[in-house]
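I would like to walk you through one structure slowly, going from the overall layout to single residues, so please keep the picture in view while I talk.

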Amino acid sequence: MTETVNTSRTITYRQALNETLRAELERDEKVFLVGEEIGVFEGSYKITAGLLEDFGPERVLDAPIAEEGFVGAALGAAMLGMRPVVEIMTINFSLIAIDQIVNHAAKMRSMFAGQVSIPLVIRMPGGGGQQLAATHSQNLEVWYAHIPGLKVVAPSTPADAKALLTAAIRDDDPVIFLENLSLYSAKGEVPDGEQVAEIGKAAVVKTGTDLTIVSYSRGTTTALEVAHQLEGEGLSIEVVDLRSLRPLDRDTICASVRKTGHAVVFEDDWLSYGIGAEISATIGEGAFDFLDAPVRRVAAAEVPLPYAKALEKAALPSAADLARVVREVLNISSNDK
Amino acid sequence: MAAKARTRPKAVVESTGGEPADTLRDYYERMSLVRAFELRSSEMYARAKIGGYCHLNLGEEATVVGLMAAIEARDYLFTGYRDHGYALLRGLAPERVMAELFGKVTGVSGGRGGSMHLFDEETRLFGGYGIVGGQIPPATGAALALKFQEAAGPDAAAVMCLLGDGTTNIGAFHESLNLAGLWKLPIVYVIVNNGLGMGTTVEKASAEPDLYKRGASYRMPGIRVDGDDVLAVRDAARDALKQARESRQPVLLEVMCYRLRGHSVVDPARYRSSEDTTIAQQSDPVPSFRAELIASGVLSEADAAAIDDAADARVSEAVVFADGSPEPDVADLFKYVYATPVANAPAALPGEPVMDAL
């Protein structure tokens with residue numbers, strides 16, 4: 001029998017990303033990092049702290065402000081067998097590079113009949129709630145989740161940040177790695193040693209019997225908070241963390257809803273045509289006969305997010321919004337409890 | 001308004017002196033092959049054997065031959081969508097190129113890319129890109145990878161990135177040239193300036209119509225060469241590649257040529273003035289070069305006719321092969337979506353359920 005040492009540490013999401021980048025730079029010389037301000041400045045959100053010093057300016061490559069240029073250059077380097085990990089400062093700026101991501105990175109392998117593969121990771125944080133106003137607060141992951149040829153992952157915990165980033169860097173396809181501004185300082189238990197997640201798999205992060213909340217990224221932390229809160233009210237809530245937006249683990253979602261008979265999707269993006277729309281349609285196909293109530297979506301108000309705190313707060317989906325909708329779906333007045 | 005004719009002397013090869021007769025003959029064979037292939041592509045398009053968009057190198061044969069004579073087997077080539085001639089002269093069998101145009105499984109990209117997306121890993125033809133300028137950032141990144149992978153020197157590889165005149169106005173062009181200049185990348189950007197971006201003249205599209213000067217913003221040498229002169233194109237491209245591979249000095253090379261026909265097969269080019277069309281026809285490098293080689297005694301009229309006939313026969317074989325090749329199998333529809341297999345990858349055809357209802 002082999003002896004396994006199960007040790008772990010409590011670290012932040014930021015630290016998990018930083019340590020994983022370091023480990024992969026050490027493991028594989030084909031891995032290099034490229035992005036704006038990732039070297040001398042150590043990253044806008046300090047994800048790459050200390051890496052320039054240890055790996056040098058070629059492997060921690062500061063790029064000028066030219067997203068289309070450096071994302072496309074990373075793509076070209078990947079075509080020649082390098083394994084670039086791009087940091088885009090926020091998901092909002094990825095729109096400047098979208099031609100290279102959607103029209104090129106996603107297409108090349110199929111269009112060239114498998115003659116080339118694109119081992120490219122594009123890391124970027126999304127999310128609002130930091131009073132950054134409309135242009136710096138978007139959740140545009142569904143734009144990428146829509147595109148065949150891409151893989152899109154969205155870890156909600158430091159442990160998943162580590163395991164999914166490791167998997168993404170070792171994957172031979174372009175992977176959009178969605179981070180979230182409000183998760184960077186979140187702490188969690190992270191197993192030591194090599195951890196490689198399976199892309200394309202969701203996780204049931206809390207079991208329950210009355211209702212399923214489906215969420216991802218920051219939303220999962222809120223979903224768990226609400227689930228635990230409602231437990232105190234005698235409700236048994238299951239939480240499915242998608243982890244992968246493309247491919248989507250429809251089986252795990254539907255298996256959960258077949259069990260609970262109720263579903264609410266909690267998402268940070270806008271409601272119409274959003275992640276929740278896809279989940280709802282999936283449940284409609286895969287668990288219709290098991291539903292005791294219509295699927296509901298708790299998403300952001302459909303407005304360019306304002307700067308003013310009061311307006312921002314009103315527009316973003318909150319724990320209170322989610323708890324209210326869960327009670328509505330279960331037909332429970334909050335005064336009953 | 002009709003396109004303004006450019007005033008440029010009629011094409012002549014400046015001098016064939018000193019060039020071995022075999023080389024000149026070889027270049028004419030290549031020009032003749034590209035010409036025959038493109039004329040037949042046009043015909044096959046009209047006969048609906050070829051679908052989608054189809055852009056031809058007609059009129060650009062001297063440019064195509066000159067550039068492909070300069071590039072080495074170890075170099076990487078990225079191009080736009082006017083790519084047939086480059087693929088042929090990179091060494092791809094005409095059969096595989098024609099089969100790709102026909103959408104057959106025997107095509108260079110298995111019939112998945114079509115005319116605009118020819119790709120061949122073995123000969124380092126790295127596409128074939130249908131979106132204007134889409135190839136420029138990846139080509140720049142390929143040069144970045146070369147910098148990681150090998151030292152500069154005469155045996156080092158370089159990247160040649162072809163683009164059209166209209167492409168020099170997009171952001172990706174400027175972002176990429178800046179990166180190449182900043183990072184000292186082994187790449188030659190070649191502007192194949194045929195004077196027209198679809199129907200818009202260079203003068204109407206570019207505030208600086210001397211496109212080679214645009215390298216100056218990135219401290220990159222800019223060179224302009226007559227694209228109807230196969231030897232001049234070859235020599236300029238060789239020099240540029242030498243700077244790229246030996247000194248990691250990126251270069252911007254502008255090659256002036258004419259598009260003999262419309263933007264694509266279906267474009268009658270009515271926007272061109274008769275004067276411009278006349279100049280394009282007079283500049284046609286294939287008959288010019290042919291006449292030059294006959295006048296200088298490199299070829300006899302019979303030699304030249306035999307070369308043209310052989311090119312035609314070669315293309316006929318390609319058409320027969322393409323026509324007789326099987327269609328790609330629908331069962332392979334999802335085959336190349338991902339390189340690393342992934343859980344829950346979509347595989348439903350239209351109308352198929354994404355989930356069993358139970």
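In this predicted model, the centres of domain 1 of chain A and domain 2 of chain A, taken over C-alpha atoms, are separated by 26 Å. The domain assignment of chain A places domain 1 at residues 11–191 and domain 2 at residues 203–329. Where the two meet, domain 1 of chain A contributes 25 residues to the contact and domain 2 of chain A contributes 22 residues. On the side of domain 1 that touches domain 2, the elements giving two or more residues are α6 (141–145), β6 (151–153), α7 (158–170) and β7 (175–180) of chain A. By class, that side of domain 1 of chain A has 13 nonpolar, nine polar and three charged residues.

Let me turn to the sheet. Seven strands of chain A form an open sheet with mixed pairing, and their order is β3-β2-β4-β5-β7-β6-β12. At the edges are β3 (60–62) and β12 (244–246) of chain A, each of which pairs on one side only, and the twist averages 20° from one strand to the next. Within this sheet, strand β4 (residues 83–87) of chain A runs parallel to strand β5 (residues 121–126) of chain A, and three bridges join them; here A:V85 stands opposite A:V121. Across β2 (31–35), β4 and β5 of chain A lies helix α3 (residues 67–79), which runs at about 165° to β4(A).

Leaving aside neighbours within four places in sequence, A:T48 is in contact with several residues, among them A:N18, A:L33, A:V60 and A:E87.

As for its partners, strand β9 (residues 203–206) of chain A runs antiparallel to β11(A) and is joined to it by three bridges, with A:A203 standing opposite A:D241. Strand β10 (residues 211–215) of chain A pairs with β11(A) in the parallel sense over five bridges, and the bridge partner of A:T212 is A:E238.

Finally, the two chains. The contact takes 42 residues from chain B and 48 residues from chain A. On the chain B side, β2 (125–128), α5 (136–149) and α6 (171–183) of chain B each give two or more residues, and the largest share, nine residues, comes from α5(B). The residues on that side of chain B divide into 26 nonpolar, 13 polar and three charged.

One last check concerns helix α1 (residues 21–46) of chain B: at 1.5 Å a residue, its 26 residues should span 38 Å, and its end C-alpha atoms are 38 Å apart, which agrees. This helix is followed by B:A48, whose phi is positive, near 65°.

Notes
Residues numbered from 1 in each chain as written. Chains lettered and ligands numbered in written order. Predicted model: local features only at pLDDT ≥ 70, side-chain atom pairs only at ≥ 80, totals over all residues. Pairing = 2+ DSSP bridges. Helix = DSSP H or I, 4+ residues; strand = E, 2+ residues; numbered from the N terminus. Axes fitted to C-alpha atoms, helices over the stretch in contact; angles between N-to-C directions. Contact = placed C-beta atoms within 7 Å. Expected span 1.5 Å × (residues − 1). Nonpolar A, V, L, I, M, F, W, Y, C, P; charged D, E, K, R; others polar. Domains from an automatic or database assignment.
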